[in-house]
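Hello,

Here is the structure for your files.

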Amino acid sequence: MSAILSARRPPNSTLLAISAFVLLSLYLLSTRRENVPTLGFEKIFVVGLPSRTDRRDGMVLQAALSNMEIEFVDGVLGKDVPDKALPSTEELKRLEDPVVGAWRGHMNAIQEVVRRNLSSALIMEDDADWDVRLRRQLRDYALSARALTQPLAGSSNSTPAYADATYPRADNGPASVPDIDFDDLPATQPPRISPYGDDWDLFWAGHCGMHFPFPYGPALPKGRVVHRGDETAPQRRHLWTISSPYDLKDQYPDHTRVVHHVQDACCSLAYAVTQAGARRVLREVGLKDMNEPFDLQLKSFCEGSGKPVRGPHNCLTVQPPIFNLHFSAGPKGASSDISDHGEGFQHEWTSMTRYSVRLNADALIDGRTNELVDQLPDGE
């Protein structure tokens, strides 16, 4: 009988192919729904101190108005992290407590991704805001990321070809490659694992500064997908960065969004990781010397800079960012639990976001979607 069953059983390769096809079909069906509550990731985590109930209230409301499911990961007070818990291969030079606490809070989120064996997760800080057209922006990012990292359609699995001639590594490659036009994307192999592609570690979706890959950097791919005429991107006069020069503003016209590999990033407002990426971050950022803030360690993880060496790894980003900083009305000092934002009061605003969910909350709650306000309208 066992021989008969064995004879009737398809080969393992066939079973694997069938399983992969069924899994992909189910996954694509789920991610095509207009209102997937986790945006194509398995989970969405928000990192923040439990004491900042004001921020949790705001994030819960934003998520509800955007039909998103979020889970909070408790931030950590630096004073509660003992020296012995800070990895160091030489004499410890402890950073300031708010920096230590921020690092540990993010590492707790990364640890959760690994512990639960999540296929992917989006991780945000609790002062993030986004456009009401977030799903459209993420769809456009997914198409762009796949153009940069998925093998070209018809290319061999053993020797895959890519639209970016410098991918996966730019060693000995050209200093630059032609831009890929978003309106004329190359045909690539469909992803099997994530709508954002099969081969990535980290997607840096919210930041306060980024460069295009430097021309003669040895490791980072140089390809860019350029989306001109993206009405969700503000005019250049509304853009800001702590990086100088501002590559995007200097090189492209108004309403342009560019997807590329991470270079010289700062601020960890929002990023996504795959399971493989989370394991790598846990190893490189959680278990190696804690000698600089989390976002700078993540920068080193992506581009292979710094000491100790933490990379490079496959990290992509978008300019202008999709997730941006929200500043609530009230004392400026309440804007951060890490750095000093000065004295006095401020009005409520969100950087580089046209139709902010937070700033359109009243209209969204009432269902007045025809009365949404563009916070960054075009001008002369």
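A disulfide here is a pair of cysteine sulfur atoms within 2.5 Å. By this rule there are two disulfides.

Some ground rules. This is a predicted model, in which local features need pLDDT of at least 70, side-chain atom pairs count only at pLDDT 80 or more, and totals for chains, interfaces and linings use all residues. Residues are numbered from 1 along each chain as its sequence is written, and side-chain values use heavy atoms, with hydrogens and water left out.

The link of cysteine 208 and cysteine 267 is right-handed, with 60° about the S-S bond. It links distant parts of the chain, 59 residues apart. Cysteine 208 sits in the loop between β6 (202–206) and β7 (224–228), and cysteine 267 in the loop between β8 (256–261) and β9 (270–274). Strands are DSSP runs of E, at least two residues; helices are runs of H or I, at least four; both are numbered from the N terminus.

Cysteine 302 is joined to cysteine 315, S to S 2.3 Å. This link is left-handed, at -90°. Cysteine 302 lies in helix α8 (residues 294–303), cysteine 315 in strand β10 (residues 315–319).

Buried means under 20% relative accessible area, exposed over 50%, partly exposed in between (1.4 Å probe, protein chains only). Cysteine 302 is buried at 1%. Cysteine 267 is partly exposed at 25%.

Best wishes
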